[in-house]
Amino acid sequence: MVDRFHVSSFATVIAQLRESALVVNMSRPGGPNPDSVVHAALKAAEFEFKELKLSPVLRSQWERLSARATDAPMAEIAILLREMNNNLMVELATAWFLMIPADKRSMYEQLSPVFGGDVHQVFPDARRDIAAAGRCYALDEWTACVLHLMRALEYALRWLASRVSLNPETIKGENQKNVIDQIEKQIRKMEDEPKSASKAAKLQFLSEAAAQFRWFKDAWRNDAAHAHVYYDEREGGSIFLHVSGFFRHVAAEAVKDELNG
């Protein structure tokens, strides 16, 4: 499980501990009351401290320090502050931190669907793989990103099969080439139906979608399934944008059909 928090939380806690230690060390008779200054500093950092996934030992130590800040002798507070700061540094040194760049943060947090609301609604079974592809994108795990994208496309392929009167359940586990062949065969049968503007538009969409699936299969899916192929940011990022655009296009067509009845 990956813990999520802002780096600024660590910075705030450490800064307040060091500021408190400085106040205690420089305290003089007649100067500012160090008790109240330390208490205020700890209070200011309390929210950030609670956000951090720290050990029970450090949490207990923080509570003890906060409780003693208003009435303990300055010598004791100085010791508690030093121990707290040192132990926090030790705990930070045992963890390994990864940074998500600001421009990829949304891909990892996913406060909204990665490919948009229409895709999320039309392809519920593909949500897990699309979400995983987004996280892999944010972490620069490009080969894993492409693998999840290819998995997600299987659900779109089943949807296309249902659009040409094939049973999507019967093609599960079927070789993709065979599925695409069956879809294109059904499209050719539909060409014999009476002509109309709506039929022409539908056939164009279906034909283009089938051609895209064949291209996906030949260009990426077959290679992604083998251990000798790896993708870098240039290739993986391009594939992500291409598959995302395709999903959005297909979902928009599905929504339009639903509205038209």
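This is a predicted model: local features need pLDDT of at least 70, side-chain atom pairs count only at pLDDT 80 or more; totals for chains, interfaces and linings use all residues.

Reader: Ok, and what does Asp129 form a salt bridge with?

Author: Its partner is Arg151, and the closest N and O atoms are 2.8 Å apart. That pair links distant parts of the chain, with Arg151 in helix 8 (residues 142–163) and Asp129 in helix 7 (residues 127–138), 22 residues apart.

Reader: Is Arg151 buried, partly exposed or exposed?

Author: Arg151 is partly exposed, at a relative accessible area of 47%.

Reader: How far apart are Glu109 and Arg105 in helix 5?

Author: They sit 4 residues apart, so about one helical turn separates them. Glu109 is partly exposed with a relative accessible area of 38%, and Arg105 is partly exposed as well, at 39%.

Reader: What about Glu235, who does that pair with?

Author: Glu235 forms a salt bridge with Arg234, where the closest N and O atoms are 3.7 Å apart. Glu235 is partly exposed at 29% relative accessibility, while Arg234 counts as exposed at 63%. There's also a network: salt bridges with shared partners join Lys177, Asp181, Glu184 and Arg214.

Reader: Switching to aromatics. How many aromatic pairs does a search of the whole structure find?

Author: It finds 14. One of them is Phe213 with Phe216: the ring centres are 6.3 Å apart and the planes are at 75 degrees, so the pair is edge-to-face. Both residues lie in helix 10 (residues 197–224), 3 residues apart, about one turn of the helix, and both are buried.

Reader: And how do the rings of Phe213 and Phe246 sit?

Author: Their centres are 5.1 Å apart and their planes are at 90 degrees; angles over 60 count as edge-to-face, so this pair is edge-to-face. Phe213 is in helix 10 and Phe246 in helix 11 (residues 233–260), so the pair ties together parts that are 33 residues apart in sequence. Phe213 is buried at 3% relative accessibility, and Phe246 is buried at 7%.

Reader: Which residues form the aromatic cluster?

Author: Phe115, Phe123, Tyr137, Trp142, Trp159, Phe205, Phe240 and Phe247 form one cluster.

Reader: Let's do helix 4. What should its 21 residues span?

Author: At 1.5 Å a residue, helix 4 (residues 74–94) should span 30 Å, and its end C-alpha atoms are 31 Å apart, which agrees.

Reader: Which residues of helix 4 are buried?

Author: They are Ile77, Ala78, Leu80, Leu81, Met84, Asn85, Leu88 and Leu92. These cover an arc of only 165 degrees around the axis, which puts them on the same side of helix 4. The face turned away from that buried side carries the exposed residues Ala75, Val90, Ala93 and Thr94.

Note on methods. Residues are numbered from 1 along each chain as its sequence is written. Side-chain values use heavy atoms; hydrogens and water are left out. Helices (H or I, at least four residues) and strands (E, at least two) are DSSP runs, numbered from the N terminus. The expected span of a helix is 1.5 Å times one less than its number of residues. Buried means under 20% relative accessible area, exposed over 50%, partly exposed in between (1.4 Å probe, protein chains only). The arc is that of the directions from the helix axis to the C-beta atoms. A salt bridge is a side-chain nitrogen of Lys or Arg within 4 Å of a carboxyl oxygen of Asp or Glu. Rings of Phe, Tyr and Trp (its six-membered ring) pair if their centres lie within 6.5 Å; planes under 30 degrees apart count as stacked, over 60 as edge-to-face and the rest as tilted.
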